[in-house]
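Subject: Structure handover

Hello,

Please find the structure below, with the sequence alongside. My notes on what was found in it follow.

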Amino acid sequence: MLINREPVLISSMLNPEYNFYAHKKTEENLKRSKDETIAEHTQRCVYHFKNIVKEKGLEAVFSNFQKKWFAGCGSEELELFWDMLLNTITFHDIGKLNPLFQKDKMMNPQFSRERGRIEFGSRHSLISAVFYLEYYLPKSKDYAKEIRDQFRLLTYVNAYIISRHHSSLEQLDKFISDFFLTKDYKDNWEIIVGEFGKFLTKEADFMKEGYGKRVRTELEKCCPKDGEGSILLYAYEKLLYSLLIASDYYATTEYSDAYVSESHGTLEDMSYIMESYGKSMVMQNIRAYQQEKKRAGKIWAEDEKLGMSWWGERDMNILRSELFLEAEKELIQNKEERIFYLEAPTGSGKSNTALNLSFHLMELCTEMKKLWYIYPFNTLVEQNMHSLEKIFGQNQEVIKQIRVVNSITPIGTTSSNKKDRKESGTKEDEQELNEYVKALLDRQFFHYPITLSTHVTLFDILFGGGRESGFGFYQIANSVIILDEIQSYRNEIWTEIIHFLKVFAEELNMKIIIMSATLPDLDRLSLEQTKAVRLIKDRERYFQHPVFKNRVELRYNLLEIQEVEEQLTKYIKEYLNGGKKVLVEFLYKKSAENFFRQICFDPDVTCKVRLMTGDDNSMERNNILKELGEEPEETGYLLIATQVIEAGVDIQNMDVGFKNISMLDSEEQFMGRINRSCLKEGIVYIFRLDEPHTIYGRDVRLEKGLTLDSPKMRDVLAQKSFTVFYEEVFNKIQQINLSLDVKKNLQEFWEQTGRLNQQEVSERMYLINENERQVSVFLAREIMISEDEVLSGKEVWTAYEELLQEKNLKYAEMKVRQSIIQSQMSYFIYHIKKGIPIAYNRQVGEIYYIEDGEQYIDNGKLDREKLENQSGMI
């Protein structure tokens, strides 16, 4: 329907008496012998559009939309839908015939004396949108009113996307009402139709009627108002916008850099990955257990003769294998479904289970072409990349399919990154430049078959309105997505999240696995939608098993006392003197840092004491974990941390934990860090030093009756009966959804979504609170990267400043080299709350440079109090 469809020929529309250019040859691009015409650029865009649609299987995705949006329409109407879709790409740059664009941007000699209309200057996108409206609005004028309104609305959506293809998405109904209600827009329409029409051929007579200006239907009233319909239209807009800006970008890159991106990061063959995965030690052990169980006919819950009943089995690996195989069986039986819930106790091997499930989905559903692993923290992304490297370490062909995409991982390229490379025009130079172009395109458009990233990255793709946010949206179609620790999202938007995910999964042909040790039954918040598949049918079989349920003993006596720090210190020292490994979690960095310094100077503490916060880079974090793993048994060790420890760090052998009270989910996550091997007796104390509201905001889970201040919630945590907890949480969320406050009311939000109010969607679905904005401070010092390598902060900063001043680099090389330097800068950057007075030497962008950074480092850690008490202001 799309691949073989012929587009409108722009060349046949443009007046042959003129040459109209889309891009101009520049001094940087001497490989091009001539300027690129609008017709040539359009042809390239259509080629790349069709190439993406074919490789990603997007015809089926658009068919999903067409079947719901135009249910009951005949073949004639559906032909118009497909024609409008393809020619959104075709029309997007026709507005570049604007004589001032040709004069000012293209320096076209035919328009050198053109005075033009100052109303438009050299803009072209809005002109293209009006041309599109004039061409397509009349085509549905004879349809029945309901169908005509559907087509008119979609025509305006497509035109709106054209008008925004060089900028961010904003608000559809404003775009529509401006044309109908704003005098300036009406006048602009007259100019476009009346004056720019002369640059078209006589055969292109669609501009002579000014039909669009006479349409009086209040189209914004036709926008859907229910959740499913609103998200359906939103998904269509985001997908077509993504495809237009991607096709335009690829076509422009083809012209400017002579580089054609033919592949978009799809997995066509899973067999070699499955084969390699099956050879890993963990998989061989699970399959050996599966075969032994099958051979002997063992059923652990009933096999009393062997004395190895399910409830008596203490081998953690047996329990993990059982859970793994049960989830695998349920998934295979329900492979046609869209959303899957994987709820399993902490330490039960969820990550490996999810990896296996995703590979099975790719193998069973061949239309699935891409995998996304989405985690709450960068630390988990790094950790799981290391796990995958261990699993596939002997097979580099598999490793090459996997990429980490986050703010601290550099864009990969095999180029030498020579600092003073000159443009010599040799084949080697051209090849090197193409490597930079490819590396940048791969990162911008997620050309990776298997992508590991964070919730923030995914939410930016799904709900961000910016142009760069839109680059990756088309990549989520026909993909498998694993969402880890979904309860870490703000619960104010849990209802919206599950609605979006379910509609996206159906319309964009996705499979989504949502996993957690404390998984809320989000189906409760989406009553009208198909239920998700629970991959563990009897959760109690695992959660109530003694190995998981009784692994940690909870103690609350520290909640009852006033001088908590004194008693906390006393308890910790007793356990350390007994050779225990102790983990302490504070809510605030400042509290953790203060306690760290206090206990480091305590003469009674002779064991190793370490601090881990969000300030630590991956090297520092890994050094601590390596050291901890090498500590002998029965040797005291104290690790002080913030919430980064809960689900972001793989700690295996802690004996005792102390945690500042917060939310029940967090308490369970923390408990999962203690006695993970289940070979000892774990103990966790809950204390109150800091109040959690500053960090977690208005989260309903902080209400007193839902925390461990409540005897009922203490029983919930002990019994692992989180359903009881979430029942009360959901009741409070549903009350918020019905709020009279329009900023909270769910129905009002669906109406804004149906009007394609991108700003409203982005603001509602944010993950990081605007009030938590921080600034970056670069502390120049020397850091030991390894035994024989020292990284100089001053040298890294100098290289960064020099790169920003470099005038001779092409855009792709600049972006790649920036990302490499920025990854080195991450070792020296700390985040300070905006508004804190500090003294700094220089500022570049939003990064503040401090020359003598070592003065603010104490015992290897940031002395935040000293830094924040200097004069100056950020």
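Among contacts in the protein chain between residues at least 6 apart in sequence, 79% join residues at least 24 apart. Please keep in mind that this is a predicted model.

Overall shape

The chain has 874 residues, and a compact globule of that length would have a radius of gyration near 29 Å; the value here is 30 Å, which agrees. Along its principal axes, the C-alpha trace spans about 90 × 60 × 55 Å. The secondary structure comes to 36 helices and 23 strands. Of the 874 residues, 59% are buried. The chain exposes about 36900 Å², and carbon and sulfur atoms supply 48% of that area.

Cavities

Rolling a probe the size of a water molecule over the atoms shows where empty space is left. A search of the whole structure finds 5 cavities of 30 Å³ or more.

The largest cavity has a volume of about 90 Å³. Its lining consists of Pro-345, Thr-346, Phe-543, Phe-548, Lys-549, Arg-551, Val-552, Glu-668, Met-671, Gly-672 and Lys-720. The elements that give two or more residues to this lining are helix H23 (546-549) and helix H28 (664-671). Sorted by class, the lining has 5 nonpolar, 2 polar and 4 charged residues.

The second largest cavity has a volume of about 80 Å³. Glu-593, Leu-611, Thr-613, Asp-615, Asp-616, Glu-620, Tyr-830, Gly-860, Lys-861 and Leu-862 line this second cavity. By class, its lining has 3 nonpolar, 2 polar and 5 charged residues.

A covered helix

Helix H32 covers residues 746-754 and is mostly covered itself, with 7 of its 9 residues buried. Those buried residues are Leu-746, Phe-749, Trp-750, Glu-751, Gln-752, Thr-753 and Gly-754. What do they pack against? Their partners are helix H11 (227-257), helix H21 (494-507), helix H31 (722-737) and helix H33 (758-764).

Two residues with positive phi

Most residues other than glycine have a negative phi. Met-107 is not a glycine, yet its phi is positive, at about 50 degrees. Met-107 sits in the loop between helix H5 (99-105) and helix H6 (125-136). Is Met-107 buried or exposed? With a relative accessible area of 57%, Met-107 is exposed, because the cut-off for exposed is over 50%.

Phe-446, also not a glycine, has a positive phi of about 55 degrees. The loop that holds Phe-446 runs between helix H18 (427-444) and strand E6 (450-454). Phe-446 has a relative accessible area of 7%, so it counts as buried; the cut-off for buried is under 20%.

A buried charged residue

Glu-326 is part of helix H14 (residues 316-333). Its relative accessible area is 18%, so Glu-326 is buried. Which residues is Glu-326 in contact with, leaving aside its neighbours within four places in sequence? They are Leu-535, Ile-536, Lys-537, Asp-538, Arg-541 and Tyr-542. Glu-326 and Thr-353 are 27 residues apart along the chain, and their C-alpha atoms are separated by 9.9 Å.

Regards

Definitions and conventions:
Residues numbered from 1 in each chain as written. Predicted model: local features only at pLDDT ≥ 70, side-chain atom pairs only at ≥ 80, totals over all residues. Heavy atoms only, no water. 1 Å grid on protein atoms, 1.4 Å probe; cavity = no way out; pocket = protein on both sides within 12 Å on 5 of 7 lines; lining within 4 Å. Points joined across faces, edges and corners; volume = space filled by probe spheres on them. Helix = DSSP H or I, 4+ residues; strand = E, 2+ residues; numbered from the N terminus. Nonpolar A, V, L, I, M, F, W, Y, C, P; charged D, E, K, R; others polar. Rg over C-alpha atoms; globule rule 2.2 N^0.38 Å. Buried < 20%, exposed > 50% of the residue type's maximum accessible area, 1.4 Å probe, protein only. Contact = heavy atoms within 4.5 Å. Areas by Shrake-Rupley, 256 points an atom, 1.4 Å probe, with all protein chains shown as cover.
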